[in-house]
Structure formats: C-alpha cells, structure tokens
Amino acid sequence: MTDARRKPYGVKGAPYAFLLPATILFVLFFALPIGYAIWLSLHKVQVKGLGLGAGARTEVWAGIGNYTDALTDSELVDGALRVAGYGAIVVPVMLGLALLFALMLDAEKVRLAPFTRLAIFLPYAIPGVVAALLWGFLYLPDVSPFYFVLGKLGLPQPDLLDGGPLYLALSNIAVWGGTGFNMIVIYTSLQAIPAEVLEAARLDGATPLQTALRIKIPMVAPSLVLTFFFSIIATLQVFSEPTTLKPLTNSVSTTWSPLMKVYRDAFNTGDIYAAAAEAVIIAAVTLVLSFGFLRAANSRTKQEEAR
C-alpha cells in the first residue's frame, strides 16, 4: 500500500522550476553584465608603435590602475560634487512635498481625492526624457510662455539654463516627476494606520496638525525611509535630465554628472575600460551609501522599539 502522504513525482522540484526563468534573467541581465564590467575595469589596451596593423593593440592586465585614474580624475570628482548639490535640493524638497500631499489627501474632508491623487501621480508616468524636453523648452526665453508673461509685466527674466539657476531647473524636473510616486507610497502607508488609533487621538482632543506630527508621521517612518532610499539611488544615477538639456545650453558639459562621464568615455572616446572602472565605482558608492543608511535606520528602529 502506497503512502498517501507521499508527494507526487516532480512536486519537490516545482519551486525550482518556477524560479528558473527569474534566475536565468537575473544571471543574463544583471550578474553577467556586472561581472563583465568588473573584468573590463581590470584591463586596458596596450598600443605598440603607431597602433596600426594586426596585433598593434592588445588587451593587457591593468590591475587597479583604471580605478586609481578614475578616483584622481578631476572631471569625475567635479561631477560627483555637482550631483551632491543637485541631490541636496531634490531629495528634501521632493520628499517634503510628497509627505505634505499625502497628509492632505489623508485628511478627513478632501474633495475630489481620486482626481487629486491622479493629478499628482501623473507626472511620474511621463518618461524622463519627455519631461526634460518639455521643461527645457519652457526654460528657453525665445519660446517659453513664462518669459513672455514676465516681459509683458516688466519683471526680470532669469536665465534658468546658466550658472546656479541650472541646479534649480534640473531639480524642478526631478521633483515634478518624482513627487507623485513617493506620495503614493506614503499615502498607502497612511491608509494602513488603524482607525482606532486616529479615533483615540480625536477623543483626546488632538488637532489634525498634532495628529499628523505625533501619530501619522512616526507611523509612516518606514515608508519615508524607503522613499529616501530610492531617491538617493535615483540622484546618484541622474543622467537623462542633464543629457536632454545639454543641446539647449552650454552650461551642461558632457561630464556634468558621473554617469554622463561614463557614457562619454565608453561611447565618445571609446575607452570602455576606464568607463567600466568608473561605473563600478559609482555602483560601489551607491551600495555603500544605501547599506549604511539602511543599517542606521534599522538600528534606530530597534532602539525605539527597545524603549
């Protein structure tokens, strides 16, 4: 008599069969490219003579030479500093607006809440290149309706594509496009707060502002950490906005951001080995910052729970 509890043939391997497609995609489009980039970053081209003819250009081991050159490259360092200034504007403004909109939509009496949620989220659905082009033409004095109105009113017309205002122009594109996504994440967490907690606050005489500051914001802290984490990664990888605005102004160089320098070295100058080293450095910095921040956030959460 067979054991009725015995699993049918092949059931034990079913989970692995379901994981196989995802594993193959992970290896082909994530693990292998990373491994290849690391391999390229440890090599360089050695040119013999004039570099003409077969065997004149050979690939040789470079060790950490490409990394040393990248870390001492003033263009890469300057690009990192520019991105740091850009992120100092984008991240707090975007998350602050996302939190404000989420709290306003979570209020008791909100008119046209579904339409408002959609209107705030809609810019996120627009591709980054399209958004940068849209705002780029609005920044151009010759075609922008804003400059036309300012001229008719006799008000000053600042050049948003030159100097310091360029940071505000780029930051505005990122804030406009990313606030809606972060708002939805925070708003979803607000909707998960137990109704009895909010009812108890009302019975205790807490005002809506006090409820927001002392109950809602602390309870959605994990969502704030998550959105901050995503925003930092997106800031470190900024590429499409300055690249799209580059044809419209001379203030955006081909190395304005670290990723733009990686693109220039790989596809314009043809030095894929230096570009690979720079890409690995950017990935490592992103990983270290993300891991460090998440660890600090988890440590703080455990300390609060211990209290």
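Me: Is Pro114 buried or exposed?
Reply: Pro114 is exposed, because its relative accessible area is 55% and the cut-off for exposed is over 50%. Please keep in mind that this is a predicted model.

Me: Which helix holds Pro114?
Reply: Pro114 belongs to helix α4, which covers residues 113-125.

Me: What about Leu168, buried or exposed?
Reply: Leu168 counts as exposed, at 52% relative accessibility. The residue sits in helix α7, residues 165-191.

Me: Where is Leu168 relative to Ser41?
Reply: Leu168 and Ser41 are 35 Å apart, C-alpha to C-alpha, with a sequence separation of 127 residues.

Me: Let us turn to Asn66. Where does it lie?
Reply: Asn66 is part of helix α2, residues 65-71.

Me: What does the side chain of Asn66 reach?
Reply: The side chain of Asn66 reaches the backbone oxygen of His43, at 2.7 Å.

Me: Which other residues does Asn66 contact?
Reply: Setting aside neighbours within four places in sequence, Asn66 is in contact with Leu40, Ser41, Leu42 and His43, and also with Tyr273 and Ala277.

Me: Next, Ser257. Which loop is that in?
Reply: Ser257 is in the loop between α11 (240-245) and α12 (258-268).

Me: Is that serine, Ser257, buried or exposed?
Reply: Ser257 counts as buried, with a relative accessibility of 1%.

Me: Which backbone oxygen lies 3.1 Å from its side chain, that of Ser257?
Reply: The backbone oxygen of Val238 lies 3.1 Å from a polar atom of the Ser257 side chain.

Me: And what does Ser257 touch?
Reply: Ser257 touches Gly79, Val83 and Val238, when residues up to four places away in sequence are not counted.

Me: One more residue, Leu95. Where is it, and is it buried or exposed?
Reply: Leu95 is placed in helix α3, residues 74-105. At 13% relative accessibility, Leu95 counts as buried.

Me: Which residues does Leu95 touch?
Reply: Leaving out residues up to four places away in sequence, Leu95 touches Asn182, Thr227, Phe228 and Ser231. The C-alpha atom of Tyr147, 52 residues from Leu95 along the chain, is separated from that of Leu95 by 29 Å.

Me: Now the whole chain. How many helices and strands?
Reply: The chain has 13 helices and 2 strands.

Me: How does its radius of gyration sit against a compact globule of 307 residues?
Reply: Such a globule would have a radius of gyration near 19 Å, whereas the chain has 26 Å. Along the principal axes, the C-alpha atoms fill a box of roughly 95 × 85 × 35 Å.

Me: What share of the residues is buried?
Reply: Buried residues make up 32% of the 307.

Me: And what share of contacts joins residues 24 or more positions apart?
Reply: Among contacts with a separation of 6 or more, 64% are between residues 24 or more positions apart.

Me: Finally, surface and charge. What are the figures?
Reply: The accessible surface is about 19500 Å², and 68% of that belongs to carbon and sulfur atoms. There are 22 positive and 20 negative side chains, and the centres of the two sets lie 8 Å apart.

Conventions
Residues are numbered from 1 along each chain as its sequence is written. This is a predicted model: local features need pLDDT of at least 70, side-chain atom pairs count only at pLDDT 80 or more; totals for chains, interfaces and linings use all residues. Side-chain values use heavy atoms; hydrogens and water are left out. Helices (H or I, at least four residues) and strands (E, at least two) are DSSP runs, numbered from the N terminus. The radius of gyration is taken over C-alpha atoms; the globule rule is 2.2 Å times the number of residues to the power 0.38. Buried means under 20% relative accessible area, exposed over 50%, partly exposed in between (1.4 Å probe, protein chains only). Contact means heavy atoms within 4.5 Å. Accessible areas come from the Shrake-Rupley method with a 1.4 Å probe; for residues, only the protein chains shown count as cover. Lys and Arg count as positive and Asp and Glu as negative; His and the chain ends are not counted. The place of a charge is taken as NZ of Lys, CZ of Arg, CG of Asp or CD of Glu. A polar contact is a pair of N or O atoms within 3.5 Å; within protein, one must be able to donate a hydrogen and the other to accept it, and residues adjacent in sequence count only if both atoms are side-chain atoms.
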